Amino acid sequence: MTVGPDEAGAPPAPTIHPAPRAWAGSLARNGAASSERAARFRQQLGLPTDRPIVLTGHQAAIWHPGILAKYLAADAASHAFGAAPAWLIVDHDTNDHTSIRFPVRTAPGRFEARTWAAAPGIAPRGDERERPPACNAPAFHPTPIPDVAPAAFAVRSIATGLTQIHETLDAHAGAPSAARQLAGALADLMAPLIPRAATVVATDLARTDLFADLLARLRADPGACVRAYNAAAAAHPHARIAALSDRPGRSGLELPLWHIPAEQG
């Protein structure tokens with residue numbers, strides 16, 4: 001989904017691309033696993049092989065309702081088109097996965113955002129270069145909910161929501177990483193609206209045979225990878241993706257990879 005104001009300057013409205021009417025055709029072209037290699041890839045990620053998959057996701061965090069809309073749309077589309085919903089947790093990003101923002105009323109008609117630093121010992125919104133990605137960060141028992149007078153919340157349901165977030169984070173504090181803790185917490189929080197779907201964390205992709213094959217091809221011809229990446233970026237200028245350097249040399253050739261140091265976490 002993309003968001004932008006209309007020509008009259010009205011508040012931003014969501015734009016769905018491609019339009020929902022085109023989804024059925026796309027799913028028909030990308031249905032069940034079409035080869036042994038594709039089936040193995042899905043199996044290694046715990047995804048079904050016998051039907052199309054409607055995949056959505058976001059970084060590991062307690063996100064805002066705009067992200068929830070994607071999950072609701074994916075669930076509705078999967079039911080409408082005989083597909084399977086699946087969720088992707090981008091666990092290798094250094095986003096602030098421990099801060100939870102909520103609105104409070106400071107005066108009649110005036111509001112401001114407050115931040116609950118939910119993980120003990122981690123300052124909210126710190127330098128992302130110093131923050132470990134959620135895949136390397138440990139799960140945690142959440143800190144107490146900020147002491148806010150009930151009347152100060154923008155709406156009464158915020159207090160209930162924060163309590164539910166605290167309870168589900170604590171229930172998943174035994175997870176192997178903060179990313180998987182948040183994945184479990186998010187599934188619990190969405191349970192009244194949609195059933196849990198197959199969940200994949202992004203770093204799981206590196207454990208598949210397909211990823212190993214791609215890595216081998218990249219090592220064999222890194223220049224071809226850079227050229228293909230730059231061609232794709234140039235074909236979609238609206239995405240504003242910078243081209244990679246294709247200059248040969250020790251530090252000149254860039255590859256589209258994330259490096260996650262083992263000691264960061």
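Arg-37 and Asp-213 meet in a salt bridge whose closest N and O atoms are 3.5 Å apart, the term standing for a side-chain nitrogen of Lys or Arg within 4 Å of a carboxyl oxygen of Asp or Glu. Because Arg-37 belongs to helix α2 (residues 36-44) and Asp-213 to helix α6 (residues 209-220), the pair ties together parts that are 176 residues apart in sequence. Helices here are DSSP runs of H or I with at least four residues, strands are runs of E with at least two, and both are numbered from the N terminus.

The model is predicted, so local features need pLDDT of at least 70 and side-chain atom pairs count only at pLDDT 80 or more, whereas totals for chains, interfaces and linings use all residues. Residues are numbered from 1 along each chain as its sequence is written, and side-chain values use heavy atoms, with hydrogens and water left out.

A further salt bridge joins Arg-40 to Asp-209, with the closest N and O atoms 2.9 Å apart. Arg-40 lies in helix α2 and Asp-209 in helix α6, so this pair ties together parts that are 169 residues apart in sequence. The structure holds 7 salt bridges, and among them is the one between the side chains of Arg-114 and Glu-112, at 2.8 Å from N to O. Salt bridges that share partners also join Arg-180, Asp-204 and Arg-207 into one network.

The table gives relative accessible areas for residues named above; buried means under 20%, exposed over 50%, and partly exposed in between (1.4 Å probe, protein chains only).

| Residue | Relative accessible area | Class |
|---|---|---|
| Arg-37 | 40% | partly exposed |
| Asp-213 | 32% | partly exposed |
| Arg-40 | 29% | partly exposed |
| Asp-209 | 33% | partly exposed |
| Arg-114 | 35% | partly exposed |
| Glu-112 | 37% | partly exposed |

In the chain as a whole, the secondary structure comes to 7 helices and 7 strands, which follow one another along the sequence in the pattern β-β-α-α-β-α-β-β-β-α-α-β-α-α. Of the 265 residues of the chain, 32% count as buried. Among contacts (heavy atoms within 4.5 Å) between residues at least 6 apart in sequence, 63% join residues at least 24 apart.

When residues up to four places away in sequence are not counted, Ile-100 touches Ile-62, Arg-114, Thr-115, Trp-116, Ala-118, Leu-162, Ile-165 and Leu-169.

On the surface, Leu-253, Leu-255 and Leu-257 form a nonpolar patch with about 220 Å² of accessible area together. Such patches are made of residues with over 30% relative accessible area and no salt bridge, like charges being joined within 9 Å and nonpolar side chains (Val, Leu, Ile, Met, Phe, Trp, Tyr) within 5 Å. Leu-255 lies in the segment after α7 (222-235). The chain exposes about 16,100 Å², of which carbon and sulfur atoms supply 56%; accessible areas come from the Shrake-Rupley method with a 1.4 Å probe, and for residues only the protein chains shown count as cover.
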